[in-house]
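Please look over these notes on aromatic contacts before we discuss the model. They are set out as numbered points.

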Amino acid sequence: MKKAFARALAAVMLLVCTTVTAWGEPAVLEPVPEADETDLNCMLIAVGKDASPTGYVIVGHNEDDSGRIKMRHGYVEPATWPAGTALPAENGRAAIPQVENTFGFFWSQAKAATGGFSNADGFLNENGVFLVSNSNASSKQSTSDPARLTDGGIEYNLRRVVAERATSARHACEIIIDMVETYGYAPSGRAYTVADKNEIWMVQIVSGKHYVAVRVPDDHVAVMPNHYTVHGLDEYEDILYSDKLVEYAIEMGWYTPAVPGDYSDFDFAYVYQAAGSYKAAANTLRQKYAQAFLLGEVVEDYFPFSVKVDGKVSLETVKAILSYHYEGTVDDPADRRIPPGNAPHDTNIRRICTGATIESAICQFTADPKLTTLWMAFGRPCELPYIPLHPLTGSIPVEIQQMEDPAYELATHLQPNPPLMAYENTGWQEFRNFQGMLEMVYDQHIESVGALIKDYMDELYPANLALVASGDLSAAAQFDQTVTSSALRMLKDYANTVIPVVPLEGGYINRVSPQPVYDLFFTMPGGAQPAESSLRFGMNFLNTSSQYVSPIAGSLTSLGENRWKVSFTTAGLASRAPSAGVYEHIFGGRTTQGEGFTGLLKLQFTDEDILAPTGDLQLATEAHHVKAGDYFTVGTAFVKQMSSNTAVLTYTYDDSLFEYANFVPAEGVTVIDITHAAGSAKVTVAAMNYDLQNVGDLMLHAKPTAKLSNEYQSLSVHIAYVLRNNAWVKSIREDTASVSFTTVGNGGGGQPAVPGDTDGDGLVDLRDLSNIIDMFGVGSTDSQWTIRYVFFDFNNNGTIDISDIAYVAKLIQ
C-alpha cells in the first residue's frame, strides 16, 4: 500500500491538480458519504522547522468561505493610539482597549456585502508573526449561554490584537490565551495557528473560556481540517490548557473518567466536540489524505494533532496537499463532479482544494522577517499559480494592492459595503476571472494549465531562495512586481490562445423589477454548435452547481453566421447582485461534439430602468475665477450608467474668450473623432461594453487676449447617443446640458477689473483691502452673493473669510 501511494503521490506532484489514473489499490478505500460544507471552513498544513528543508517553519493555509467574497490586500503601518481608544467590534462584542503602540502588518482581508468576515483574515506582522485560523465546527458548549462570556466576548479582534501586538509565535499564543481568559470566545469553536520562523503554536478554543494550546514539535507536521485534533493532555511536551478544563467537562456531563480521579483517559477532541462534528466524514477525509502525503501511505481512522515525518516536507509538497482533490481514488467518483467542465469543486464531497477555497497562502519563513515569503494563490491553488510576495519589505505589487487606505479599511472592516462587491479592474480580479472560465472547461484544460503552472513555479522556487539569500530588500520588491505581472500575462496568453473563449453580449438586469427573461448572445468559433443542455451562466465566485442557472428549455436559437441567442430566467440572476453595479458573469458549455467553451460578460445590474428621460446629462467644472491665459476643464457625465456604446457631443462656448485645448476621455471610453472650430468642439466616442456614464473632460483655454470681467460665463453641450433596452432594441436619444463658471476681469467689457479689485479702478490697494474686510462673514445665502461677493471668494468655500482677506492683502500694489 505504501508503494502504491508513493506512485500516486509522484503523479500528483508532477501536475498538482491533473487527473491521477492509477493509485494502486483503491478497492480498500470506501467512498465517503455526502457532506454539507457548512462550518467546514479552511485547511492547514504546519511544518516544524526540523521537518522543513530550509530549517525554518512553513505554514500553508486554504481560506474557505462561500458566497460573493473579495479578498483584499494591504499593509497597515505601525501606529500610536490616543489613550482611551477601543477596537471596533461586532455588535454585542467586548470593546477591547487599544495599546499605545501597534506593529505594522500585511493584511489579507475577506469582505462580503454584509461586512468583513470575523473569522477569515490572515496576517503577517513586521516581527515575522503569521496568523491564520480554521473553524472547529461545533463544540458541545452552548453559544446561547451568556455566562460563558465577559462583556459579550471576543471574536474578530482576537486576530487583530495578535497582528498588532505579537513579537513572536509564543507571545501570540500568550495574547490569545489572555484574551480568551479575560473575555471568552464568542463562536462555537476555532483553531488559531500562530507561527514565526522557529515555532508553531495552535490554540484550539471552545466557545467561552476553555482552550488547549500546543506547540507543533519541530520534527512534526500538523494537519488541521475543521475539527478538534488535540487528544490527551500529556501527549506533547509544550501544551497549555485552561484551568478546570477537565473538571468543567465532568460537571457538564461530557466526560466521566473510567477511574475516579484518574484523568489519563481524557480526550479533549472527543469530550468537547459536538456529536455531529466529531470525526465528521468531510474532516476525516481531508485529514486522512493530507497525512497520507506526509506518511507515504493511507492510515485509516488516525487523526492526531500532528505526525512525525521522515525526511523533509518541501514547499512543493505543501502546495500539492493544498491543491488536492483525491484524484484517482474512490473518493473522487466521476459522477460526483460538476458540469459542464466536470470540475471537482462545488461538489458535496469535501476536498482539500474545494469550491469555497477563496485564497491559499504558504508562509515560508527565513532568518530575516522582512524576507519571509508569502506564496499566495488568489483563488483555488489547483487553477492558479502561487505568487511569491515579500510584503514586509514595504511594497506590494500594484495588481493586488487593492486598499487605498489600509488603516481606514481596518477601522471599517466590519461595516457593510455592498457596492464593493461589484467588478473592479484589478490584477486580483483577473486571476479570479481566469479561474472562473477555467472551471467551465476544467477537464479538458487542467492538465495543460497544471503543467504550465508547474514549469512557471519550478523557476520561481530557486529564484526566490537566491533572492532571500541575497538579503536585498529593494530587489525583493521588484521581484514580486515582475512575477505578479508575468503570471497575469501567462494566464491571459493561455486564455486568449488555448481556451475556446466566446464573445458575449447581453443587456442589463433591473434588480428591483427584473424582466422575466434575460437573453444572452454569443458567437461560436469555427461554426461549432452548442449543446443547450450543457450551458451554464452565473456570477463569478459563486457555487457553480447551486447558483449558476441553466437555459430555459428550447430557447437556444441560431441567428446565423455562428451567432446564437439563449435565454435564462432572470430572477435566478437578479437575486445574486447585492447592489447596483457591474458584476462579471461566467458562461460555459459544450459543443454537440463535446468540446468545452467559456466566456465572460460584465453584466450591469440597476435599481431602475436605464432607458431614462432626458435631463440625465450633466456638465461640471471646478473652474473658479478664470483669468486670461488660464486652462480649465469641464467634465461630462450621465448621472447613471447608460446602456450605450456610442455618442456624439457638440460643445459650444464664447469663441471671443475661449478656445479648444484638449479632450480627455474617461476610463473605458475611446475617442473616435474630434473636430473643433471657433466656439465649438465635436467629439465622437465609443464605450465597448454598453456601460457609458462618465464621458470625459473638455479642456478649454481662456485666450491671453480675452477681455474678461467679473461675471459668469457658460458652456453648453448637445449629445446624441444610441440607447439599448433589455430586449436589445436600440433608439437614438438626445440631451443637452450647460454649466456656468466665474471669470475675473482684466479691463474688458468697459469695466476695468483685476482679481482683488473691489472698486473697479484697475488697482488693488488699501481701499480694496478695507472693502473686503467689510465683506467678512458674508456667505453664499446673501442675496448679493452671485452679483458681487462671489468674485472675492478666492478659496471657493462659499464664505468671505480670513483667507480671502489675506489673498487681497498680498495683491496690494
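1. Over the ring of which residue does the charged end of Lys288 sit? The ring belongs to Tyr289, and the charged end lies 5.2 Å from its centre. Bear in mind that this is a predicted model.

2. Now the ring-ring contacts. Searching the whole structure gives 33 aromatic pairs. One of them joins Tyr236 and Phe305, with ring centres 5.3 Å apart. Their planes meet at 80°, so this pair is edge-to-face; the cut-off for that class is over 60 degrees.

3. Consider where these two residues lie. Tyr236 is in the loop between strand S13 (220-224) and strand S14 (239-241). Phe305 is in the loop between helix H6 (281-295) and strand S15 (306-308). The pair therefore ties together parts that are 69 residues apart in sequence. Both Tyr236 and Phe305 are buried.

4. Tyr324 has a relative accessible area of 0%, so Tyr324 counts as buried. Tyr326 is also buried, again with a relative accessible area of 0%.

5. Finally, a cluster. Which residues do ring pairs link there? They are Tyr518, Phe522, Phe537, Phe568, Phe587 and Phe597. Please display these side chains together when you go through the model.

Conventions:
Residues numbered from 1 in each chain as written. Predicted model: local features only at pLDDT ≥ 70, side-chain atom pairs only at ≥ 80, totals over all residues. Heavy atoms only, no water. Phe/Tyr/Trp six-rings, centres within 6.5 Å; stacked < 30°, edge-to-face > 60°. Helix = DSSP H or I, 4+ residues; strand = E, 2+ residues; numbered from the N terminus. Buried < 20%, exposed > 50% of the residue type's maximum accessible area, 1.4 Å probe, protein only. Lys NZ or Arg CZ within 6 Å of the ring centre and 35° of its normal.
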